[in-house]
Amino acid sequence: MRFPDPDPTLAFSPAAIRAAADVILSGGIVAVPTETVYGLAADATDADAVARIYAAKGRPSFNPLIVHVPDLTAARALAVFDTDALALAEAFWPGPLTLVLPVRAESGIASLVTAGLDTVAIRVPRHRAMQTLLATCGRPLAAPSANASGGISPTRAAHVRASLGPSVPIIDDGATEAGLESSIVAGRTILRPGPVTAAMLATVLGDMESGPEAPAIVTAPGQLASHYAPRKPLRLNAEIAAQDEWLIGFGAVAGQDTLSASGDTVEAAARLFDALHRADAGDRPRLAVAPIPNEGIGEAINDRLRRAATR
Ligand code: TXA
Ligand code: MG
């Protein structure tokens, strides 16, 4: 099986994954779903392939990428785990948790992946498409979210196509489950809140600290803070829409659309980027979003909304 041309998209199947692995093993890039968002994957040991990711995304090169591996054994070959990291990996892998760890000198990971840092961000994804691709390639795969840099993270194949253009090969396996990027943890600090919540992490390590995302690598203030921006201005904590606003509702606040009519934050997380895409494509020049309770995964939703509103 090969990717069709035009619109190189294949529905998930073992043969489609074989085709995707062929692209990756010859130095190419493929968009593939994970349980969080669609990622844009390349062989993490092939610097040229990794450069193609940065190029396709138009991503600033100081922003390092997450490396995906099939299991803890593969992760330990790349990075040094202390007892805390081991406990988190055993509790939450495979799943939507990324650990920032000291990279091993002999890891073979291209330095472009870590943007020259002495740490690497690693995760073991749970999704069948990414898991099968990892098994078939036999290589660690670098994969940022499969959107143009600064755009909204893709939760469907159509979002990837709209953001990255006509030539990127895509494995389509429907909408992603969590709808938000993985939680990122370094030591006991949450660098990016996500589907593995602070409360879930605390059951393993006790109370965690929260810190700014990737503080060591932000070279311009606000650069990462505006990472998740839709094209239109976004107003937060809106109860009522102005006439020119597209309101994304939640719970009792109804709008043009809703994250969850029943007020369920997990459902809201899964729908968040979809709703932002729809709002951005809608017929009103401004966006507004209802208040979201700042509990559990609501914290991660509010983190993304603050970034989406920063311009
Ligand atoms: O759910 C996810 O994590 C998705 C799927 C595809 O796995 N990936 C994703 O990757 O969100 P990306 O590249 O969009 O976000 C990676 C984040 C960035 O904010 C980056 O700065 C941070 O991880 N990061 C990567 N390596 C790091 C490191 N060594 N130290 C601190 N932060 C790091
Ligand atoms: Mg991203």
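Where does Pro6 lie? Pro6 sits in the segment before β1 (9-11). This is a predicted model.

## Backbone features

A cis peptide bond joins Asp5 and Pro6, with omega about 5°. Asp7 is also placed in the segment before β1. Asp7 is not a glycine, yet its phi is positive, about 50°. Its relative accessibility is 43%, so Asp7 counts as partly exposed. The limits for that class are 20% and 50%.

Another cis peptide bond links Trp93 and Pro94. Here omega is about -5°. Pro94 belongs to the loop between α4 and β5. Trp93 turns up again among the core residues below.

Asn237 has a positive phi too, about 55°, although it is not a glycine. This residue is found in the loop between β12 (234-235) and β13 (245-249). Is Asn237 buried or exposed? Asn237 counts as exposed, because its relative accessibility is 53%. The cut-off for exposed is over 50%.

## Helix pairs

| Helix pair | Crossing angle | Axis separation |
|---|---|---|
| α4 and α8 | about 125° | 10 Å |
| α9 (265-281) and α10 (298-309) | roughly 30° | within 9 Å |
| α1 (14-25) and α6 (128-137) | about 55° | 9 Å |

Take α4 and α8. They pack at about 125°, so α4 is oblique to α8. The crossing is right-handed. On the α4 side, the contact is made by Asp84, Ala87, Leu88, Ala91 and Phe92. On the α8 side, Met200, Leu201, Val204 and Leu205 take part.

Next, α9 and α10. They cross at roughly 30°. Angles under 35 degrees count as roughly parallel, and α9 and α10 are therefore roughly parallel to each other. Their crossing is left-handed. From α9, the contact uses Thr265, Ala268, Ala269, Leu272 and Phe273. From α10, it uses Gly298, Ile301, Arg304 and Leu305.

Last, α1 and α6. Their angle is about 55°, which makes α1 oblique to α6. This crossing is right-handed. Ile17, Arg18, Ala20, Ala21, Ile24 and Leu25 of α1 make the contact. Their partners in α6 are Ala129, Thr132, Leu133, Thr136 and Cys137.

## Nonpolar cores

In soluble globular proteins, nonpolar side chains tend to be buried together. How many residues does the largest nonpolar core have? It has 45. Phe81, Trp93, Leu97, Leu99, Val113 and Leu201 have the most contacts inside it. Helix α4 gives the most, with 5 residues.

Leu201 ties the core to the helix packing. It is one of the core residues with the most contacts, and it is part of the α4 and α8 contact. Beyond four places in sequence, Leu201 touches Leu88, Phe92, Leu97, Val185, Ile190, Val196, Gly206 and Met208.

Thr176 is found in the loop between β8 and β9. Glu181 lies in the loop between β8 (170-172) and β9 (183-186) as well.

Why does Glu181 count as buried? Its relative accessibility is 4%, and buried means under 20%. The Glu181 side chain makes a polar contact with the side chain of Ser153, at 2.4 Å. A polar contact of 2.9 Å joins the side chains of Glu181 and Arg304.

Thr176 counts as buried because its relative accessibility is 7%. Its side chain reaches the backbone oxygen of Thr36 at 2.9 Å. Leaving aside neighbours within four places in sequence, Thr176 is in contact with Pro33, Thr34, Glu35, Thr36, Val37, Tyr38 and Thr155. Thr176 and Ala157 are 19 residues apart along the chain, and their C-alpha atoms are separated by 9.5 Å.

Conventions:
Residues numbered from 1 in each chain as written. Chains lettered and ligands numbered in written order. Predicted model: local features only at pLDDT ≥ 70, side-chain atom pairs only at ≥ 80, totals over all residues. Heavy atoms only, no water. Helix = DSSP H or I, 4+ residues; strand = E, 2+ residues; numbered from the N terminus. Buried < 20%, exposed > 50% of the residue type's maximum accessible area, 1.4 Å probe, protein only. Polar contact = N/O pair within 3.5 Å; in protein donor to acceptor, adjacent residues only side chain to side chain. Core = buried A, V, L, I, M, F, W, Y, C linked by side-chain atoms within 4.5 Å. Contact = heavy atoms within 4.5 Å. Axes fitted to C-alpha atoms, helices over the stretch in contact; angles between N-to-C directions. Parallel < 35°, antiparallel > 145°, perpendicular 65-115°, else oblique. Left-handed = near helix turned anticlockwise from the far one by under 90°.
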